[in-house]
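Here is a colleague's note for someone opening this entry for the first time. Please keep the view beside you while you read.

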Amino acid sequence: MSIIFLGAAKYRILNNKEKQYFHCIAFLFFIELLNLVLPYVFNLNDTSFLYPLYIAGEFFLVTALFIRKLELPKYLPGITALLATAFMVSKYVFDYPFNSDIVKVISNIVIICLSGFALIREIKEGSTQNRFLLVDACIFFYYSVSVFIFIIQHQIANLSENDYLIILSANNILSSILYCSFLYTFIKLKK
């Protein structure tokens with residue numbers, strides 16, 4: 001929650017490309033908040049219906065961030081919005097694909113590629129003006145390991161409880177590192 005408040009306080013000093021970082025973290029916070037609130041407020045024990053919204057929203061926001069950052073053609077965010085919408089319609093209306101994790105892995109691979117290209121370009125140019133370089137690196141690292149975790153999780157039936165908890169803990173640690181990189185970056189932002 002502190003990331004959202006700090007990001008909102010610093011929102012005015014962000015340039016247009018940097019504002020997309022705040023939109024991404026605000027969306028993730030909103031989904032996490034819904035997952036926390038719905039069971040307690042509405043006694044809704046199954047919030048899995050939010051998962052396709054999470055996948056589609058995350059895919060659109062993060063890919064749009066890197067498309068803008070890489071200065072790729074302006075029609076590409078529209079294509080990602082169309083893909084995200086198509087996934088939600090196919091999942092909510094037709095219940096296809098039956099396993100949303102497949103779409104999650106594919107979207108994460110696209111995010112890995114875009115964030116990797118952005119990092120390579122930033123390192124190659126030696127740009128010291130990118131205030132979100134640490135966040136970009138953490139996004140690349142988080143989504144790279146996340147793909148591996150999603151692939152392994154299908155083997156959970158064959159894993160021991162300790163192995164499953166290690167995988168779950170690794171994902172939680174990585175997301176915490178990502179959130180801390182946002183927090184650190186927002187704290188050090190100056191006008």
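The numbered points below cover the basis, the annotated segments, the core, the aromatic pairs, one glutamate and the cysteines.

1. Basis. This is a predicted model: local features need pLDDT of at least 70, side-chain atom pairs count only at pLDDT 80 or more, and totals for chains, interfaces and linings use all residues. Residues are numbered from 1 along each chain as its sequence is written, and side-chain values use heavy atoms, with hydrogens and water left out.

2. Annotated segments. An unreviewed UniProt entry places the feature "transmembrane region" at residues 21-42, 48-67, 74-90, 102-120, 132-152 and 164-187. UniProt positions are in the numbering used here, feature names are shortened, and annotations may be inferred rather than shown by experiment. In the model, residues 21-42 are 95% helix and 0% strand, with end C-alpha atoms 31 Å apart. Residues 132-152 are 95% helix and 0% strand, and their end C-alpha atoms lie 30 Å apart. Helices (H or I, at least four residues) and strands (E, at least two) are DSSP runs, numbered from the N terminus.

3. Core. A nonpolar core is a set of buried Ala, Val, Leu, Ile, Met, Phe, Trp, Tyr and Cys residues joined through side-chain atoms within 4.5 Å. Buried means under 20% relative accessible area, exposed over 50%, and partly exposed in between (1.4 Å probe, protein chains only). The largest core has 40 residues; Ile 139, Phe 182 and Phe 186 touch the most other members. Helices H1 (2-10), H2, H3, H4 (76-94), H5, H6 and H7 each supply at least two residues of this core. The largest share, 9 residues, comes from H3.

4. Aromatic pairs. Rings of Phe, Tyr and Trp (its six-membered ring) pair if their centres lie within 6.5 Å; planes under 30 degrees apart count as stacked, over 60 as edge-to-face and the rest as tilted. The whole structure holds 7 such pairs. Tyr 51 and Tyr 54 are stacked, at 6.2 Å centre to centre and 20 degrees between the planes. They sit 3 residues apart in helix H3 (residues 51-69), so about one helical turn separates them. Tyr 51 is partly exposed at 25% relative accessibility, whereas Tyr 54 is buried at 15%.

5. A pair across the chain. Phe 132 and Phe 186 are edge-to-face because their planes stand at 80 degrees, with ring centres 6.0 Å apart. This pair links distant parts of the chain, 54 residues apart: Phe 132 is in the loop between H5 (100-125) and H6 (133-153), and Phe 186 is in H7 (residues 161-188). Phe 132 is buried at 0% relative accessible area; Phe 186 is also at 0%. Together with Tyr 21 and Phe 182, they form one aromatic cluster. Contact means heavy atoms within 4.5 Å. Not counting residues up to four places away in sequence, Phe 186 touches residues including Ile 3, Leu 6, Lys 10 and Phe 22.

6. Glu 18. Is Glu 18 buried or exposed? Glu 18 is buried, at 7% relative accessible area. This residue lies in helix H2 (residues 16-41). Glu 18 touches Ile 13, Arg 131 and Phe 132, not counting residues up to four places away in sequence.

7. Cysteines. A disulfide is a pair of cysteine sulfur atoms within 2.5 Å. The count is 0 disulfides. The sulfur of Cys 24 is 14 Å from the closest cysteine sulfur, in Cys 138, so a bond is ruled out by distance. Cys 24 is buried at 6% relative accessible area. For Cys 180, the nearest cysteine sulfur is that of Cys 138, 9.0 Å away. Cys 180 is partly exposed at 46% relative accessibility.
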